[in-house]
Amino acid sequence: MTTVHRSAPAPLALAGFFAAVAAVAVVGSLAATRSRDVYTALAQPPWAPPSWLFGPVWTVLYILIAVSGWLFWRAPGTRAGFAWYAAGLVLNAAWTPLFFAAGAYTLALAEIVLLDIVIAGTAAVFRRRSRTAAALQLPYLAWTLFATALNAAIVVLNP
């Protein structure tokens, strides 16, 4: 494993983490231009949240994800955990286009299950170097597990 040599100042690195997470958010927002219409047109379980809730929740989660990555970056050690983190960002970016733009609800379900696993793996790897970085992944994992259950219910209710 390679030891991280941090040459970027911490505020610049934090900005980089926010930029990476913002790129994921932009991909999601571009793919979700009709998300409110699609979401409300679907048969949903009674526990499905209102569509307006997703924006504020994801805003908070994206902030936590960026800070988590930055804290892990700041902790001494190797870069190994960043593969998990990067995979989570890629999977996060892929779900919205699959679900809302492509209407591929079953494929989106399989993809979000993989995302759940990757977020859990990220938290486990991050915990070795920064308990705070790992803890900041837990709300993300909790919400994504909830989204997985909602995705599964939508698959069942919308054959």
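A: Let us start with one convention: angles under 35 degrees count as roughly parallel, over 145 as roughly antiparallel, 65 to 115 as roughly perpendicular and the rest as oblique. This is a predicted model, in which local features need pLDDT of at least 70 and side-chain atom pairs count only at pLDDT 80 or more, while totals for chains, interfaces and linings use all residues. Residues are numbered from 1 along each chain as its sequence is written, and side-chain values use heavy atoms, without hydrogens and water.

Q: OK, so at what angle do helix 1 and helix 4 pack?

A: The angle between helix 1 and helix 4 is about 15 degrees, and their axes lie 7 Å apart (axes are lines fitted to C-alpha atoms, for helices over the stretch in contact, and angles run from 0 to 180 degrees between N-to-C directions). Helix 1 and helix 4 are therefore roughly parallel to each other. Helices here are DSSP runs of H or I, at least four residues, numbered from the N terminus.

Q: Which residues in helix 1 meet helix 4?

A: From helix 1 they are F17, A20, V21, V24, V27, G28 and A31, and they meet F82, Y85, L89, N92, A93, T96, P97, F100 and A101 in helix 4 (contact means heavy atoms within 4.5 Å). By class, this contact has 13 nonpolar, three polar and no charged residues, where Ala, Val, Leu, Ile, Met, Phe, Trp, Tyr, Cys and Pro count as nonpolar, Asp, Glu, Lys and Arg as charged, and the others, Gly among them, as polar.

Q: And helix 3, at what angle does helix 1 pack with that?

A: Helix 1, residues 10-31, packs with helix 3, residues 54-74, at about 140 degrees, and the two axes are 9 Å apart. That angle makes helix 1 oblique to helix 3. On the helix 1 side the contact includes F17, V21 and V24, and on the helix 3 side the residues include Y62, I65, W70 and R74. The residues of this contact divide into 15 nonpolar, one polar and one charged.

Q: What about helix 4 and helix 6, how do their axes cross?

A: The axes of helix 4 (81-101) and helix 6 (131-157) cross at roughly 30 degrees and come within 13 Å, which makes helix 4 roughly parallel to helix 6. Y85, G88, N92, W95 and F99 of helix 4 make the contact with Q137, Y140, N151 and I154 of helix 6. This contact has five nonpolar, four polar and no charged residues.

Q: Changing topic: what volume does the largest pocket have?

A: About 650 Å³. On a 1 Å grid over the protein atoms alone, a pocket is an open set of points with protein on both sides within 12 Å along at least five of seven lines, a cavity is a set where a 1.4 Å probe fits but cannot get out, and lining residues have an atom within 4 Å of a point. Points are joined across faces, edges and corners, and a volume is the space filled by probe spheres set on them.

Q: Which lining residues are closest to the centre of that pocket?

A: Of the 27 residues that line the largest pocket, F54, W58, W95, T96 and F100 are the closest to its centre. Helix 6 gives the largest share of this lining, six residues, and the lining divides into 16 nonpolar, 10 polar and one charged.

Q: And how many cavities of 30 Å³ or more are there?

A: The count comes to one cavity, and the largest cavity has a volume of about 50 Å³. Its lining is made of I65, W84, Y85, G88, L89, I119, T122, Q137 and Y140, with the largest share, four residues, coming from helix 4. This lining has six nonpolar, three polar and no charged residues.

Notes: Helices (H or I, at least four residues) and strands (E, at least two) are DSSP runs, numbered from the N terminus.
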